[in-house]
Amino acid sequence: MNEVRIPAFAKINVRLNVVGKRPDGFHELRTIFQSISLHDELILRRAPRKAISLQVSGNAMLSTEPVEKNLVYRAVDLLRRELRLRDGVDIELKKNVPAGRGLGGGSSDAAAALLGFLRLTEKKIDEARLFELAASLGADVPFFLHGGRALGVSKGDEIYPLPDVPKQHLLIVSPESIHVPTPDAYRWLAAGPIYADGQKRKSKANAETQRTPRSSQKSKSSRALTKLAKTSNIWGFCALCWSAQGTSLWNDFEGPVFERYPRLKQIKRVLLQHGAAEASLAGSGSAVFGVFPSPVLARRAAVRFPHDQTFVCETVSRDRYVRAVAGASVR
């Protein structure tokens with residue numbers, strides 16, 4: 001075949017908990033990914049020359065940066081070297097998903113490039129190795145190989161499928177003037193460090209507890225356990241993984257990001273005031289999304305954001321995702 005057209009679907013995080021900082025400098029995450037219908041499109045064509053070319057439309061910044069920095073270019077180059085191929089390929093990336101808004105557009109493009117190049121060259125690769133290559137491109141990339149609804153642990157690159165939930169209607173609001181760099185969001189969160197044994201560094205309060213008489217320690221320990229039981233969200237997270245409804249949005253980044261960008265908190269409030277059953281920050285931001293009972297209500301709410309980019313879309317099941325990717329147009 002000479003050409004492959006493949007969609008690259010965006011995602012939201014239904015749940016995003018940052019457990020702490022790991023010894024390797026990355027953060028330990030517990031997150032639930034969900035594919036959505038908003039998507040980019042990749043077109044890959046065989047080329048006579050032994051090189052990779054990439055043209056980007058729909059995003060002025062990405063279209064002017066060196067192509068070697070783009071995840072699509074890097075994904076195809078990585079796979080060519082893995083398969084020891086010299087096939088030339090011309091790639092066209094049509095951007096619809098706003099970049100740098102927590103919707104995973106770049107990671108999805110990279111996964112689509114991997115799958116599209118395999119289709120174009122009619123090559124196969126071991127599934128485990130494909131996941132490994134995807135993870136080397138970015139923590140979110142492995143999720144986009146199969147999509148749907150999935151649990152992400154470790155850096156978010158360890159992916160486990162979850163049951164699909166009934167289709168939900170979404171309004172995504174992407175404020176044009178606000179960009180939240182992911183490293184900054186993690187720094188603002190100031191998650192406590194965790195170590196290889198899963199323990200956090202002892203706080204000053206814990207050190208003082210060690211010098212407290214045993215009877216007093218027992219009393220304080222009981223109060224601490226009671227407090228922990230009230231504040232721990234692990235059971236809610238477990239329940240959501242098994243839920244057939246997919247509700248109960250949560251994002252640890254909201255507190256620090258909203259504090260620095262009150263406009264994002266206002267967007268969430270307006271979504272809830274105009275029909276959204278729930279609303280949340282997308283990833284580390286800056287997009288904010290609301291879950292609506294119907295697309296009609298989502299479109300009505302969209303008019304409340306005349307100066308922002310808005311998208312009315314819906315969640316995508318794993319079966320629909322795989323069919324859309326596997327059924328990519330080929331010629």
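The model is a predicted one, in which local features need pLDDT of at least 70 and side-chain atom pairs count only at pLDDT 80 or more, while totals for chains, interfaces and linings use all residues. Residues are numbered from 1 along each chain as its sequence is written, and side-chain values use heavy atoms, with hydrogens and water left out.

Helices (H or I, at least four residues) and strands (E, at least two) are DSSP runs numbered from the N terminus. In a regular strand the side chains alternate between the two faces of the sheet. Strand β3 pairs with β4 (residues 88–94) in the parallel sense over six bridges, and S57 stands opposite K94 of β4; two strands pair if DSSP finds at least two bridges between them.

Elsewhere, four strands form an open sheet with antiparallel pairing, in the order β9-β10-β7-β11. Because β9 (278–281) and β11 (309–314) stand at the edges with a single partner strand each, one side of each is left without a neighbour in the sheet. From one strand to the next, the twist averages 20 degrees, where axes are lines fitted to C-alpha atoms (for helices over the stretch in contact) and angles run from 0 to 180 degrees between N-to-C directions. Within this sheet, β7 (residues 169–174) and β11 pair in the antiparallel sense over six bridges, and the bridge partner of S174 in β11 is Q309. Helix α10, residues 262–273, packs on the sheet and touches β7, β9 and β10 (288–292), its direction making about 10 degrees with that of β10.

The loop between β5 (149–154) and β6 (158–161) holds D157. Leaving aside neighbours within four places in sequence, D157 is in contact (heavy atoms within 4.5 Å) with A135, A139 and P142.

Two packed helices are described by the angle between their axes and the distance between the axes. Helices α2 (residues 71–83) and α4 (residues 127–137) pack at an angle of about 140 degrees, with their axes 10 Å apart. The residues making this contact include L71, R74 and A75 of α2, together with R129 and L133 of α4.
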